[in-house]
Structures are given as C-alpha cells and as structure tokens.
Amino acid sequence: MNMKRNLLGSTLGFGLAAGLASIAMADEITIATVNNGDMVRMQSLSPKWEEATGNTINWVVLEENVLRQNVTTDISTGGGQYDVMTIGTYEAPIWGGNDWLVSLNEGMADDWNIDDLLPAIRGGLTVDGTLYAAPFYGESSMVMYRKDLMEKAGMEMPDAPTWDFIRKAAKAMTDRDAEINGICARGKAGWGENMAFLTAMSNSFGARWFDMDWKAQFDSSEWKDTLTFYLDMMNESGPAGAANNGFNENLTLFQQGKCGMWIDATVAASFVTNPKDSTVADKVGFALAPDNGLGKRGNWLWAWSLAIPASSEKQDIAKDFVSWATSQSYTALVAENEGWANVPPGTRSSLYANQDYLDAAPFAKMTLESINAADPQKPSVQDVPYTGVQFVAIPEFAGIATQVGQQFSDALAGNQTAEEALASAQALTTEEMEAAGY
Amino acid sequence: MARAITTQKKIMWTVLSWGIGLLIFFPIMWTFLTSFKTEAAAISDPPVWFFFDWTLENYSAVLERSNYPLALMNSIVIALGSTLLGIIIAVPAAWAMAFVPGKRTKDVLLWMLSTKMLPAVGVLYPLVLIAKYFGVMDSRILLVVILMLINLPIIVWMLYTYFREIPGEILEAARMDGANLKNEIIYVLTPMALPGIASTILLNIILAWNEAFWTIILTTVNAAPLTKFIASFSAPEGLFYAKLSAASIMAIAPILIMGWFSQKQLVRGLTFGAVK
C-alpha cells in the first residue's frame, strides 16, 4: 500500500513537474520573413509547431528590401527584436563573419540531417566551416520557354543552350503583331534585379567584377561583350519598356503568354506551370541557363534561409523552430497538405531522390542541375577574390551594384550607349571601393 | 451672347476639373477594383474593369494572415497622439514667434525647418540605440514622440503663418478690456485661428498616418501600424497584387473617410490667408 502510494505520489510529482516545466518553457519568439509563397505557406503551417511545443510565434512579414533594412538595423545594433530571420546567401557570409549569427553546426534537432543539404547551397551559407543559416528554399536560374512557339519557329531547344542559340531563337519567336516577345529578362535597376541577371550572365562571358587586387573590371572586353550582347538581344526581341521589368513584371508577361523565353529564378517554374494563374501552364519547357563555351553557365545561386541573430535571448527555441521548418519532415508536411509540387525546393538531396516529387515537379531535374552547376567559391572563368555567383559578398556590394544597375537599365532604355554605361560603372565602382578602403 | 460664352466656359471648366479629379482618383479606384478580383484576374490582359467574379477572398486572406485591428489601433494612437502632443508644444511657440517676435525669430524658424532637410537615415542609429537604452523599442510612446518631433517644425510653421494673419490690434483690444494671457489665447486667438489649427491637425494626422520609415524600423509586432501591415503584402517573388490591393484599401480607408468628412476645414485652412 505504502509502495503504491509512493509510486502514485512520485508519478503525480513528476507529472506536475513536467507540466510546470513545459509551462515555464512555453515562450514567444519573433520571426521576420519575406512575403514569398513558400514563406507564407510556412506561416500557415506553423501552428503545428506551436501545438507540438507550446510556444507561440509573432510573425513580422515584410517586403524584401524593407526586411533587409529592418533586420540589418536590428542586428548591427544588437537590438534583439527578432529571434529568427529570413536572410539570403548575400547576407549569410557577411553577417556570419561578423559573429552576428549563431552557429547551426550544433544544437539542431537530431533528425535535422546537415549532410543532406545540397553542397552548393550549404557552401554559400558557411564561413570557415561554420553553417550560419539553414536553407529554407534554394534557387538557381534557368531558361523557361514556350514549347509551342519554339516549334512554330522551327527550332529545338537543347538541354544546355548557348547564348547565340538563345538570341537566334528569340529573334525567330518574336512576333510583334501578336505581342509575343522572344525573350524576357530583367531590366529593372537593382542589385537583386538586373544586376543578378547581368552578373550571372557576365560569368559565362568570362567577365568578373574585380580582379585579385579588388580593381573594378568594367573596362574589360568581357564586360563590353556581355552588355552589348544583352542590349542587342533585348532590343531585337525584348518587350517594350523592358528597363522597368523585374521578376514580377516578367512573370506577369510570361503567364499572359507574351514571352517566348524567360531566363529567371528556378522558383518561377512552379508559378508558370500552375494552371490556376498561368495561361500557358501546359506549354512550358525548361533548359539550363545559357553559356558561351567557356566552362561557366549564366545561372545564379540563391537560398532563402533561416538564421538566428546572436542578440536573440531565445536561441534554443529559435533553433528548435529552424530545425522544424528546414527539416525533411516539414517537406513531407507540405506535401501532405499542398501536394508535392509545392514543397520548398532546392535545399536537400533527399528531395531529388524522392520519386513522388520528381513525378509532380517537371522542373525538378533542371532545378537540381542548375543549382549544382553554380559555384559560389569560383563563380567566374577567371580568378576572383570574392565569393558569390550573382553578387560579391562584401557589405559595399548592394550599394555599388544598385548604382551600376541604374547605368545598365538606363542603357537598356536607350538613354546611353553600352560604352557610356560601362565607363560610368567603372568610375563609380572604383570611387566607392577606394572610399571603402580596398 | 455673353451668357452663352459664360455657360460654355463653365461647362469646359467643369469637364476639365472632373477630368483632373478622376485622373488623380483613378489609382485608388483601380486598387479598389483589384482588391475584389482573383490574382489571375488582377493581372489579366486586357484588363477587366467591372465584369469579373467579385470576391471577398482577398480581404479574408489578409485578415487571416495579419492582425489588422491592432495595426489600425496603433496607427490611430500614433497619428493622433503625435499630432496632439505637437499642437500642445507648437501653439505657445507659434504664439510667441507671431506676436512677440525677437531679433532672431526668423533665424529660429529657418533653423527649425532646416532639421527637415536632414535625411532620416542619418539619425537612424543614434535613435535606435537611445530607444534600446530606454527599453522603448516597439512601443507606441516611442513613435508618438518621434513622429511629434519630426512634424513639429511643420506644425510650428503652419500655426505661425495663421497667427500672423490675425491683426495684433484685436489682441491689444482684448488686453485693454482686461483679458489676461490665458483668456486672450483661449477666447480671442483660438477661435480666430480655429480653421488654421484644424487644418494643421488634419494635415499632421495624415503625415503621421503615412510615415513609413520610422514606423517600420522602430516596430516589430506590438506597436506596428498600418504602414508595416501594407509592407507585409508586397512580394518580390510572386504575384499577390489582389491581396496587396485589399491590404492597401484597408489601410487607407480610415484616413480617406476622415479626409472626406473634413475636406471643408482642410481646404479652408490651407487657403487661409492666401487671398489678401
């Protein structure tokens, strides 16, 4: 009897203690994120994590540039307003290098398999062997094209086209009377807009931003070839007002059936093949980003990732959430709720070994090949002192590239020649880099 | 004949004013219409005007995803609070400058205005660090004070201009009748300057309502107003124009309605003193 009572007592005691512990553990974390489809989906599925852990989440969803400004201010002042932040491959190495972010090498959930991450993506988020952000979805860029228009033009898209083929095909597909533009590409000024496209393109032309002494290279013949080719191709076969077109504008044009080809983020593949939004959903084909036979393709590499600022006071709970949101079981949860085609792509090898996913996503193979083809450590044909494929991972880059982007956008609008734009780009980059002490 | 020309002219002016009015109103109307469309209809080409399947789906999606009532309440408190605090400080300041000008009054006024020329980002870090030090990040009181400080030069300038229109003799007469300073301000000055004060209040509420730099940077969740609410619906990768439109309409509706009801005071105040 006594023993029974003791057993009952200790069971009750343990139960109470565990209950109290879970009440004491239950906490609130604040997560800052961007308003992209996959992130919104994470927000809608997060109650599952809240139910499982007893913690609650405050969501701060912001536009990309506003988020960057907000988060940069917070992290550089040690504000501690956010416990988890969505950042890109540009910020991760810079902030990680400044010790602003918490290492994710340890403390993640046991089933969070770090070795399953795609090497190119993992490499972009790692500094000196330390992983500073967990990739939520990864993307590269590729060619999306209209199979029907390609056929009508009497051409056939190879899996790995060259720039010359793209230009020729664009010209052949263009039908101004039917409002069909052979090629749609980014023209809107911004380091993450036209400069992402042009920097990636320049890699395949053998150009680079800086030489090994950090001297700007816009006066090189490779950059001249890149920009001249881009402007000629866009003038021949691009849409009117292309200098104002970013990702969303081109997505609209493609979905309306006004682009023969569109070279942009792999994540767009699921949008253009979705019959709910796209009028051309069943006519889209995919190919690798073009090259020039120099050994580098014109595709970029980006991963929207979750990172934990060092100023967060709830790092353990934050790590628990990050583990959950970037795990294989989260992918399975999305598949269960929204179908395999909608799972966040481009971060884990296991996803590309999953037949259900490969069957549901016709763009899966091309996405994986594009991501694998990008090397942030050696983006260009020539040697470079920086990492990053479509960006240069230094804090000065965003400001400089946006100014350079304005020059190139201006050239596309016909307000200046390629030579003038390159001369301005060279002058302003040299000035900014000298001022920054390079 | 003369009458005919006048009528013709009248018609011309009326048509022209309506044309300009509609042109200015068009973006708001288009946002309103888009907010009832599906995402696919929002980007359709050619654009659809009125004949589409009207849906409230966007509004329900917006309400489901964010805390609109809290954002609205924050906007109201911040806009009203900062304006009223500003008025309390600015009325005595403007009174002193208008009726008891010193040698340096003009310089002080210009100096106050010059603070508006400083790019906001120039004081971003000091302000964030101060707010952090006092533990008031993400609080309404912080935004009330900051927005009051930002708009104070405009409030003082506007009130100063209105007060200057009031003849000093009237105040003198009141003083001769035995009014003290308090009575002079409450019973003589304020009623005469009321249209001016009203339009200053309205204009500053609108300015504070629309302020989208400090209100976004200095808040996260608790004090986040409608500016941050809208910023959460703009997407770099993905087309959510219909939802963005719904969020925009929800954010501008209160201030639009307020402006509608008070447009008489607003116009009267803004043109006060313009015709001599």
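Guide: A residue is buried if 20 or more other C-beta atoms lie within 10 Å of its own. The model discussed here is predicted.

Visitor: How many of the residues of E6(A) are buried?
Guide: Strand E6 of chain A covers residues 134-146. The rest of the structure largely encloses E6(A), because its buried residues number 13 of the 13.

Visitor: Which strand pairs with E6(A) over six bridges?
Guide: E6(A) joins strand E9 of chain A by five bridges. With strand E8 (residues 259-265) of chain A, E6(A) also forms five bridges. Both pairings are antiparallel. The antiparallel partner with six bridges is strand E10 (residues 301-307) of chain A.

Visitor: What stands opposite A:Tyr137 in E10(A)?
Guide: E6(A) and E10(A) run in the antiparallel sense. In E10(A), the residue facing A:Tyr137 is A:Trp304.

Visitor: Which residue is the bridge partner of A:Ser141 in E8(A)?
Guide: E8(A) spans residues 259-265 and pairs with E6(A). Within E8(A), A:Ser141 has as its bridge partner A:Ala265.

Visitor: In E9(A), what is the bridge partner of A:Tyr145?
Guide: E6(A) and E9(A) run antiparallel. In E9(A), A:Met144 is bridged to A:Phe286. For A:Tyr145, the partner is A:Gly285.

Visitor: How many residues of strand E9 (residues 284-288) of chain A are buried?
Guide: E9(A) is mostly covered. Of its five residues, the buried ones number four.

Visitor: What radius of gyration does chain A have?
Guide: Chain A holds 18 helices and 10 strands. Its C-alpha trace spans about 95 × 50 × 30 Å along the principal axes. A compact globule of 438 residues would be near 22 Å, and chain A agrees with that, at 24 Å.

Visitor: What radius of gyration does chain B have?
Guide: Chain B has 13 helices and zero strands. Its C-alpha atoms fill a box of roughly 75 × 70 × 30 Å. A compact globule of 276 residues would come near 19 Å, but the value for chain B is 23 Å.

Visitor: What share of the residues in chain B is buried?
Guide: In chain A, buried residues make up 50% of the 438 residues. In chain B, with its 276 residues, the buried share is 34%.

Visitor: In chain B, what share of the contacts with a separation of 6 or more joins residues 24 or more positions apart?
Guide: In chain A, among contacts between residues at least 6 apart in sequence, 74% join residues at least 24 apart. For chain B, the share is 79%.

Visitor: Are H3(B) and H12(B) roughly parallel or roughly perpendicular to each other?
Guide: The axes of helix H3 (residues 57-65) and helix H12 (residues 241-261) of chain B come within 9 Å and cross at roughly 75°. Angles of 65 to 115 degrees count as roughly perpendicular. H3(B) and H12(B) are therefore roughly perpendicular.

Visitor: How do the residues of the contact of H3(B) with H12(B) divide?
Guide: H3(B) contributes B:Asn58, B:Tyr59, B:Ala61 and B:Val62. Among the residues from H12(B) are B:Lys243 and B:Met250. The contact divides into seven nonpolar, one polar and one charged.

Visitor: How many residues of chain B are in contact with chain A?
Guide: Chain A brings 30 residues to the contact. Strands E1 (28-34) and E2 (56-62) and helices H4 (64-76) and H11 (247-255) of chain A each supply at least two residues to that side. By class, the chain A side has 11 nonpolar, 15 polar and four charged residues. Chain B brings 24.

Visitor: Is A:Asp99 buried or exposed?
Guide: A:Asp99 lies in the loop between helix H5 (91-97) and helix H6 (119-124) of chain A. Most residues other than glycine have a negative phi. A:Asp99 is not a glycine, yet its phi is positive, about 60°. With 12 other C-beta atoms within 10 Å, A:Asp99 is exposed.

Visitor: How many C-beta neighbours does B:Asp138 have inside 10 Å?
Guide: B:Asp138 lies in the loop between helix H6 (124-133) and helix H7 (140-165) of chain B. B:Asp138 has a positive phi of about 60° and is not a glycine. B:Asp138 counts as partly exposed because its C-beta neighbours inside 10 Å number 18.

Visitor: What distance separates the C-alpha atoms of A:Tyr438 and A:Lys215?
Guide: A:Tyr438 sits in the segment after helix H18 (418-435) of chain A. A:Tyr438 is partly exposed, with 15 other C-beta atoms within 10 Å. A:Tyr438 and A:Lys215 are 223 residues apart along the chain, and their C-alpha atoms are separated by 8.4 Å.

Key:
Residues numbered from 1 in each chain as written. Chains lettered and ligands numbered in written order. Predicted model: local features only at pLDDT ≥ 70, side-chain atom pairs only at ≥ 80, totals over all residues. Pairing = 2+ DSSP bridges. Rg over C-alpha atoms; globule rule 2.2 N^0.38 Å. Contact = placed C-beta atoms within 7 Å. Axes fitted to C-alpha atoms, helices over the stretch in contact; angles between N-to-C directions. Parallel < 35°, antiparallel > 145°, perpendicular 65-115°, else oblique. Nonpolar A, V, L, I, M, F, W, Y, C, P; charged D, E, K, R; others polar.
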